[in-house]
Amino acid sequence: MTNGVAPLLAVKGVTLQYQTRDHLVTATYRVSFDIYRSDRYVILGPSGCGKSTLLKAVGGFIRPVEGEIRLNDVAISKPGPDRVLVFQEFDQLLPWKTVKQNIAFALTASGKMSGKEAGQRALHYIDKVGLTKFADNYPHTLSGGMKQRVAIARGMAMEPEILLMDEPFAALDALTRAKMQEELLQLWDDTKFTVLFVTHSITEAVRVGNRILLLSAHPGQVKGEINSNGTDEIGVDGRPLSERIEHLLFEQQIGDRSISHG
Amino acid sequence: MADARPVLHARPEVIYQVSTAGIGVVQRPLSLGQRLANQGSLRKALVLAVLALLWEGYARWLGNDLLFPTFSATVAAFWQSVISGELPAATWYSMKILFQGYAAGLLLAGLLTAFASATRIGADLLEVLTAMFNPLPSIALLPLAMIWFGLGTGGIVFVLIHAVLWSVALNTHSGFRGVSPTWRMVGQNYGLSDLGYVVRILIPGAFPSILTGLKIGWAFAWRTLIAAELVFGANSGGGGLGWFIFQSKNSLEIPSVFAGLLTVILLGLIVENLIFLTAEKMTVRRWGMQH
């Protein structure tokens, strides 16, 4: 499949730990995977499998205690505009800036372009997510779905090497979520950007991703990598993909548990 | 996948045609009266007018100009002092000192908060100092300040700094702490420099608290100044609004005392309603960070 092409992002044996007030918690243990250009790569796992922590490590906000993460064969050491994060929280837009200013701010803060040029590119991407009428609105006047659209537009306007999305639709209602998944795929058809997408919803993973990384819970370890064509296809075993994933993630876990308790 | 469940109570399905005809009002503009009643400044002006009327009525009923002059007498005395230039001069005197103290206090608060945000020991220092000095009334430091800095404006400015510094520093610091972690990550994600991070993320993010600090600091400074002037004058030779009030009392010109107090109130109202309210409307309210 790779035909000797080097991966865009290589995660090699990454162990992540973080400290709470009185515990040292291992979030992921020796996780490895490769992402190639134009992948829609999904990290899927139950809550507590360290998938958000893993995404923040790719973003450069957390350093691995073991292993390394390389982007274009350069080790990641700090946050940077070549890896833009889209968060789950609606408050990721700065409330003191309008929709247009929020996007232009990202472009100027990173030194990518100057004011006027940034404004033009901001408008271009606002148009892409269908919010031209709201360009001069402040974020608090928008609905949750619209805010997430702006956040996605901001991420895409940066034209990063890889777009990192941390459960961006999790806080939306089911109807809006389905619509946003569709829109994201349409945007991908347009520009074929590379995206790393974290979710705990199996249907979302199957719909959005072309390759899905399955993580076990607490600490997260790789259980497998699965291909998806977005239609929840019936596999050779006669079951739809989502059911197979559910089986892989959960049935096995029940087995694990009885062993550890025995 | 699951088997169909049995129907418990069989009922026919119902579907209605919805139309807006016959509802009367779906949306209509408010009447002039309703819109006027929605004006906050108008309602407040009404409250002020009622208070002035009550004052006038009570003072007339009392009929003792030495104890409680009427509103009209106070306004007359106010107008006279304004025309004679005495009151404007005293106000200007007070304002000059107030601004010196306020500005110096803000500067120091900025430095202290910057130190507190940058290091853990700085935060500890700020928290201990504020816990110690914030409850201490500034006016209690005045006798000491007079000994240290002499009877001139230096002593009063020192006391003013004390009045402003702690509340502003405390509010700014807690505001910085309250800045959402998501905004912080957004700032880091787009590669802002250290200074850019403070100016473009921390300060706007903490702006509601910073404004509150500025307002409290202003009120503390104003009160402290008038109290200090009442006792000592703006410098050893007198001057200032507090001094004007004190002198008028000494010469038993009670309407002038009230005129001085009225000036203090008016300035407070102007600063609160014009400067701070405008600042709020242009920033935190417009951004939906405060309602």
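The model is a predicted one, so every value here is computed from its atoms. Helix 1 itself covers residues 51–59 of chain A, and it is mostly covered, with eight of its nine residues buried. The buried set is made up of Lys51(A), Thr53(A), Leu54(A), Leu55(A), Lys56(A), Ala57(A), Val58(A) and Gly59(A).

What does the sheet of chain A look like? Four strands make up an open sheet with antiparallel pairing, and their order is 2-1-4-5. At the edges sit strand 2 (24–35) and strand 5 (74–75) of chain A, each of which pairs on one side only. Helix 1 of chain A packs on this sheet, where it touches strand 1, strand 2 and strand 4 of chain A. The direction of the helix makes about 115 degrees with that of strand 1 of chain A.

Strand 1 of chain A takes part in two of these pairings. With strand 2 of chain A, strand 1 runs antiparallel, and eight bridges join the two. A hairpin of four residues links strand 1 to strand 2 in chain A, and across this pairing Tyr18(A) stands opposite Val25(A) in strand 2. With strand 4 of chain A (residues 66–71), strand 1 (residues 9–19) pairs in the antiparallel sense over five bridges. Here Lys12(A) faces its opposite number, Glu68(A), in strand 4 of chain A. As a bit of background, strands of a sheet pair through backbone hydrogen bonds.

Where the two meet, 10 residues of domain 1 of chain A are in contact with 12 residues of domain 2 of chain A. The domain 1 side of this contact has eight nonpolar, no polar and two charged residues.

The two chains also touch each other, in a contact that takes 19 residues from chain A and 17 residues from chain B. Strand 6 (83–86) and helix 2 (99–109) of chain A each supply at least two residues of the chain A side. Sorted by class, that side has 12 nonpolar, five polar and two charged residues.

Which residues touch the most other members of the largest nonpolar core? Among its 125 residues, Leu164(A), Leu160(B) and Ala221(B) hold that place. Helix 7 (residues 153–177) of chain B gives the most to this core, with 14 residues. The core also draws at least three residues from each of domain 1 and domain 2 of chain A. Leaving aside residues up to four places away in sequence, Leu160(B) touches Leu98(B), Gly101(B), Tyr102(B), Gly105(B), Ala221(B), Thr224(B) and Leu225(B).

Finally, there is Phe246(B), found in helix 11 (residues 241–250) of chain B. Why does Phe246(B) count as partly exposed? There are 18 other C-beta atoms within 10 Å of Phe246(B), whereas a buried residue needs 20 or more and an exposed one has 12 or fewer. Phe246(B) therefore falls in between and is partly exposed. Its C-alpha atom is separated by 7.9 Å from that of Val231(B), a residue 15 residues apart from Phe246(B) along the chain.

Note on methods: Residues are numbered from 1 along each chain as its sequence is written. Chains are lettered from A and ligands numbered from 1 in the order in which they are written. This is a predicted model: local features need pLDDT of at least 70, side-chain atom pairs count only at pLDDT 80 or more; totals for chains, interfaces and linings use all residues. Two strands pair if DSSP finds at least two bridges between them. Two residues are in contact if their C-beta atoms, placed from the backbone, lie within 7 Å. Axes are lines fitted to C-alpha atoms, for helices over the stretch in contact, and angles run from 0 to 180 degrees between N-to-C directions. A nonpolar core is a set of buried Ala, Val, Leu, Ile, Met, Phe, Trp, Tyr and Cys residues joined through C-beta atoms within 7 Å. Domain bounds come from an automatic or database domain assignment. Ala, Val, Leu, Ile, Met, Phe, Trp, Tyr, Cys and Pro count as nonpolar, Asp, Glu, Lys and Arg as charged, and the others, Gly among them, as polar.
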